[in-house]
Structures are given as C-alpha cells and as structure tokens.
Amino acid sequence: MNKLTRILCGILAAAALLLFVAQLSCRSALHNENKLVIAVAYDGDNNHIEVQNLEYISRCVDAFHAQNPDIDIRVETISYDTYSNWLYDALLYGEAPDLFTVLPQDFPSLISLDVLEDIGGEAYESRIVPAILETWERNGALYAVPYATSPPCLIMNKTLLSPYETPIDDINFDWFDLYYYCRNYTFDSDGNGIVDTFGVSDMNWRTAVYANGQSLFDPVSRTTDFNNPNVEYSVKLATSMNRLTLEDYDGSFEQNHALIKVTNLAEARYYTRNYPQMDLQILRIPKGPDGPYRTEPYDCCAFGINKNGGAKAAAKQFLQYIALDETLQSEFLSYGYAFPVLENVQQAEDTLKSMEPYMNPRALQLLLSESETIPIEFVEYYDLMNIADKEIFQYIQSNIDIGSELNVLNNRMKEMFQDTLKSGTVS
C-alpha cells in the first residue's frame, strides 16, 4: 500500500468514525427528547392531601403516554425536607430532571441561577386567573405553572357557635368579626383554670400584615417597613389573638375545641369530606382596612422546565396537559383536595354546586381570583422572615410593647436586607 493509498484510507476511516459518532449523537439526542423525567416534591407530613396530588400526576402520565406512546416518562418523588438540596445538587451536576416542582421558597433562587425555561404564557393566561399565575412571572415571562391551587382561607365549625349568633355573611366577613369570634369563643370550658376552647387557631402576624395590604421590603428604596403604622396595627391585631390562644394545641380544631382555623382551601376541603359531624363553613381571610388582601406565595404544585433539559418540548407539552386539559382537571376536583387551576372548571355548575354547602359561589370566586401574592424579589426573603418570626413570637410571649420593639426589629431587618442587596441576590 503506497503512501497516497494509506492517506486516503485514513481519511475514509476518519470520515466513517465521524459519521458513526454523529449518528450515535443523533440517536442519543433523540432518546433524550423522548425520555421525559419529572421530579415531584412530596410532603409526607401532609399525606392526606399529597396522596391525591400524586394520584392526579399518575393519571396524567398514563393518559399522556397513551396519546404519546413514543415518549417515555419517569416520575421521581422527593420529600420536601430534602427536595431543595436535592434539586440544587442535580442542577449543579447537570443531572436535573426535565420538569420539576418549583417551591415558592426556591423560585427566587432558580430565577437568579437562570435555570428555568420561559414557558410562554399565552396558552395559560387566557384560561387561568392572574392571581394563580402572577407568583411565577418575572418581567412579563412565565417560568412555572401549578396544576392545582390552594389559597389561604378560614374554616369555621358552626357546631360551636352560640344559637344566638346571626348567620355568617361570608362576603362581608371582616377583621372585626374575626377578632370578635376570637375574643368571645376563647375560654375555659370546664372551669379548671386552663383555656381549652379557642376562637381562632393558627393565626399569625404574617397573615395579618399581608391581608392588610402591606409590604415589608422595598428593593428599590432599599428600606424595610416593619415599623410602618399600618404594619404595627396588623401585628397588634395578630398578636392580640395569639395571646388569647397561646395555649392552643395541635388538633384543637379537629377535636371540636376551636371555632375557626386559619388554613388553606385543600385542607378545608379535606375537613368537609372527613368530618361530617361538623357543620362547616369556608370563609375568605378578611382583608384589612389599609389595603387590598394579599398573601405570601401559597401553591406548592407548580412545575418549571429545566432550561438545559433534553426533553423541553415534551415537558412543555406535558405541562399544558396537566394544567389545561379540562377532563383531567374536572376529574381531579372529584377526588383531590386542592382546587383545579382551570377557570372553566372552577366556575362550572357542578363545581359550584359541590362547594355551595360550605361556601357562597361568589365568595369562592373571590377566594380563587383575588388572593394577590406579594412578589418575592430577593433570594433571602424567607430567611429574613424566619428571623422576624422568632422575634415577634418573643414579643407575644413576653407581653411587651409591640410598637417600640418593631422599631428595633425594623433597624435589624433593614441592615440585613441591605447586606442582601449588596450581595446581588435579587431575582
């Protein structure tokens, strides 16, 4: 074999090798495109709710696979306790799933890391109310979508009401009504010196502050508002109720020892199905006098798409399927406890009829459409709020003046907030 022949053979061999590698890469890419990996965060402590959510995902997977048999779907469930760390490790090592649960507390970090795909809101915004989607938007782009929603609400055990009470008006129920029931239904029922019946269970200052339309952090002015008069008023209302119910205990509502429980819609629907001995009514958390009703992000059923995933097209297709398929969303209403996100299903005649024994249809519509969430615009928000929680709990226990202590707390929060902004961790 002469030199020219050897060169030609080498060139042909190299070309064949390159062609083989290219074909292998194409087969590998095709395989990734047709293998959809989904990670679901699972709360084992909230098992009665989560089992139904997982059943919905399982039904959606089966129905989706029947229509798309070429797409192989694998679902992984990870406990909430370890989920966030698991997800960040998977992203770090390039092993993140194509579609995964986005928890509210992780969303600012995931936006900051630029790992979420812009889903495109057109398909969703015409069929899901803004109150549900706004949590997952940044600068006009949509980065996650929940398949179910569970806004904060109240549930009342009317079995404990005095027969002399007038019926509850669930449209005009206000702050003063809430405080009235807390004050008048918190007492020692058996005279042993221990308070054992409570007007309101599980009320906290964060619920009150945001229900009064307040904001605590302003990234633009780099200030905090923990000592704002309207915030102080909200905190005083919440701490007054907390001091009345300091002896409240886990399970007091379930054991007929609390008139009202601050909860969410999924939990409230669980009670309506599993506590038939109670005469239950679901109420919106009343807004305060100083602004619109607001709340922290509340849905833990949102999915985002891995920006670097190999099956983004399949992930987008599946996400639309679980959130926008009217048949599946209607079925979920019948066995799930959280509420479907599809507005057509929420407002369907059968839906309103099933909820009417517990909630006025207009009140239900307002609950689902007007639970405005505050924007979480910096990564350390939840860390700072946990510090504030501990401080305010000390105020409640010590029975000290809230006003002066909020000034001290505000200075501390402002300093930490500004340090956070200097580090550049704004989402």
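Which strands does helix α11 (residues 312-324) lie across, and at about what angle does the helix run to β15?

Author: Happy to! Before anything else, this is a predicted model: local features need pLDDT of at least 70, side-chain atom pairs count only at pLDDT 80 or more, and totals for chains, interfaces and linings use all residues. Residues are numbered from 1 along each chain as its sequence is written, and side-chain values use heavy atoms, with hydrogens and water left out.

Now to your helix. α11 lies across β1, β2, β3 (99-101), β6 and β15, and the helix runs at about 160° to β15. The element names come from DSSP runs, numbered from the N terminus: helices are H or I with at least four residues, and strands are E with at least two. Contact here means heavy atoms within 4.5 Å. For angles, axes are lines fitted to C-alpha atoms, for helices over the stretch in contact, and the angle between N-to-C directions runs from 0 to 180 degrees.

Let's look at what lies under the helix. Five strands make up an open sheet with mixed pairing, in the order β2-β1-β3-β15-β6. The edges belong to β2 (72-79) and β6 (145-146), each with a single partner strand, so one side of each has no neighbour in the sheet. Two strands count as paired if DSSP finds at least two bridges between them.

With β3, β15 pairs in the antiparallel sense over three bridges, and Leu99 stands opposite Ile305 of β15. With β6, β15 is again paired in the antiparallel sense, over two bridges. There, Val145 stands opposite Phe303 of β15, while Pro146 has Ala302 as its bridge partner in β15. Another helix, α2 (residues 47-67), packs on this sheet and touches β1 (35-42), β2 and β15, with a direction about 170° from that of β1.

How are the two faces of β15 placed? Both are covered: Ala302 and Gly304 on one side, and Phe303 and Ile305 on the other, are all buried. Buried means under 20% relative accessible area, exposed means over 50%, and partly exposed is in between, using a 1.4 Å probe and protein chains only.

For comparison, here is another sheet in the model. Four strands, in the order β9-β12-β8-β13, form an open sheet with mixed pairing. At the edges stand β9 and β13 (280-283), each with a single partner strand, so one side of each is left without a neighbour in the sheet. On average, neighbouring strands of this sheet are turned by 20° against each other, direction ignored. β8 and β13 run antiparallel and are joined by four bridges, with Met156 opposite Gln281 in β13. Helix α7 packs on this sheet, touching β8, β9 and β12, and the direction of α7 makes about 130° with that of β9. Helix α10 (residues 265-274) lies across β8, β12 and β13, running at about 135° to β12.

In α7 (residues 175-184), the buried residues are Trp175, Leu178, Tyr181 and Cys182. Viewed down the axis of α7, they fall within an arc of 135°, so they line one face of the helix; the arc is that of the directions from the helix axis to the C-beta atoms. Their cover includes β8 (152-157), β9 (198-201), α8 (205-211), α9 (229-244) and β12 (258-264). Where α7 starts, a side-chain oxygen of Asp174 comes to within 3.1 Å of the backbone nitrogen of Phe176. A polar contact is a pair of N or O atoms within 3.5 Å; within protein, one must be able to donate a hydrogen and the other to accept it, and residues adjacent in sequence count only if both atoms are side-chain atoms.

The phi of Asp202 is near 70°, a positive value in a residue other than glycine. Most residues other than glycine have a negative phi.
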